[in-house]
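Subject: Structure for your review

Dear colleague,

Please find the structure below, followed by an account of what was found in it.

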Amino acid sequence: AGDLLDIRDLRVEFRLGTRVVHAVNGVSLTVKRGETLVVLGESGSGKSITFEAVTGILDTPPGHVTGGSARFDNQNLFELSDRARRKICGRHIGIVMQDPLSALNPVYTVGFQLAEMSRVHMGMSKASANARALEMLRKVGIPDAESRFNSYPHEFSGGMRQRLLIAMAIAVNPELIIADEPTTALDVTVEAQILALLRDLREQTGVGLVIITHSMGVAAEVADRVCVMYAGKVVETADVRSIFGNAAHPYTQGLLNSIPHQMSGQRLTPIPGQPPDLANLPAGCPFHPRCGFARDQCRTEAPALRAFGKAEHQVACHFAETVAALPGATSKAGH
Ligand code: SF4
Ligand code: MG
């Protein structure tokens, strides 16, 4: 009980000829009812693929789940038939993709596409689905909803298209919305509006939110909890305050220190080096080639995700206690 989504030890591989890309390497995380979980990481960290695997939109083949479970409402989605899983996901999980144009069909009006959601997934009649579509357009703040109902996606601006995708995601009254980089393509003003919209919807409906992003700013703006991923693993997870005030993983600290300083606008130390080759992961801690704290143990022994101080703070680093205790370790982030 309690957890809406419970992912345990998820593993996803992509087989490309003889190359095996280890995209997700034992991810465990939970989403509680009504909370906003921000999943944070650079590209290639496995954050999108984790949720694509769970919702069944992973590009298969060559990507496939090789282990683990994903329980939604206490049902393991991986034990269901594709059909049954699509049905559950379509009805209970709303998905907002990064690129609205690829998620919207250019040949149908936005009103039609929106009404389809309630028709297909909720079995609504055409008339009630149309009424609901109009209501959703208003709810996400599309001006002149009646006249925009019969417009086509290309007639909308980027920000308005993102609102449309959110309208489609909430049309089925889901318990969970998964939004993958929902604001990456938008300028900062529109980004702030979209984040405010998601926050409002969460407050009005109690929907749980997963927001996948590479931006610490987005996390600071909307998260209740943050889950930091690196090389297909969760390296740190905690409530947002602990992440910004008491980060214990060197990678999380690196992300915090690379935020442009609020006052000076100066970018502090970016994390040196590159994320690892997922087809050829380093032994031991996957972060060790970039880690300023790495010692011998780090090169041979992979750190497990473990409790750190506060109840729900977890970190995968052998030396988290030392790292967190460094003076000014995270205060440079300007929070
Ligand atoms: Fe750095 Fe070692 Fe911690 Fe990995 S386990 S993050 S290499 S100190
Ligand atoms: Mg992605």
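Two residues are in contact if their C-beta atoms, placed from the backbone, lie within 7 Å. Helices (H or I, at least four residues) and strands (E, at least two) are DSSP runs, numbered from the N terminus. A residue is called buried if 20 or more other C-beta atoms lie within 10 Å of its own, exposed if 12 or fewer do, and partly exposed in between, with C-beta atoms placed from the backbone.

This is a predicted model, in which local features need pLDDT of at least 70 and side-chain atom pairs count only at pLDDT 80 or more, while totals for chains, interfaces and linings use all residues. Residues are numbered from 1 along each chain as its sequence is written, and chains are lettered from A and ligands numbered from 1 in the order in which they are written.

Helix H8 (residues 188-205) has 18 residues and spans 26 Å from its first C-alpha to its last, close to the 26 Å expected at 1.5 Å a residue (the expected span being 1.5 Å times one less than the number of residues). Glu191, Ile194, Leu198 and Leu201 of H8 are buried. Seen down the helix axis, the buried residues of H8 fall within an arc of 90 degrees, so they line one face; the arc is that of the directions from the axis to the C-beta atoms. They pack against helix H7 (158-170), strand E7 (176-180), strand E8 (208-213) and helix H9 (216-222). On the other side of H8, Val188, Thr189, Glu203 and Gln204 are exposed. Just after H8, Gly206 has a positive phi of about 75 degrees.

H7 is mostly covered, with eleven of its 13 residues buried. Its cover includes E6, helix H3 (100-103), helix H4 (110-122), helix H5 (126-139), E7 and H8.

In helix H1 (residues 47-55), nine of the nine residues are buried, so H1 is largely enclosed by the rest of the structure.

Eight strands form an open sheet with mixed pairing, in the order E6-E7-E8-E3-E9-E10-E12-E11; two strands pair if DSSP finds at least two bridges between them. Strands E6 (93-96) and E11 (306-307) are the edges, each pairing on one side only. Strands E3 (residues 36-40) and E9 (residues 225-230) run parallel and are joined by four bridges, with Leu40 opposite Val228 in E9.

Yours sincerely
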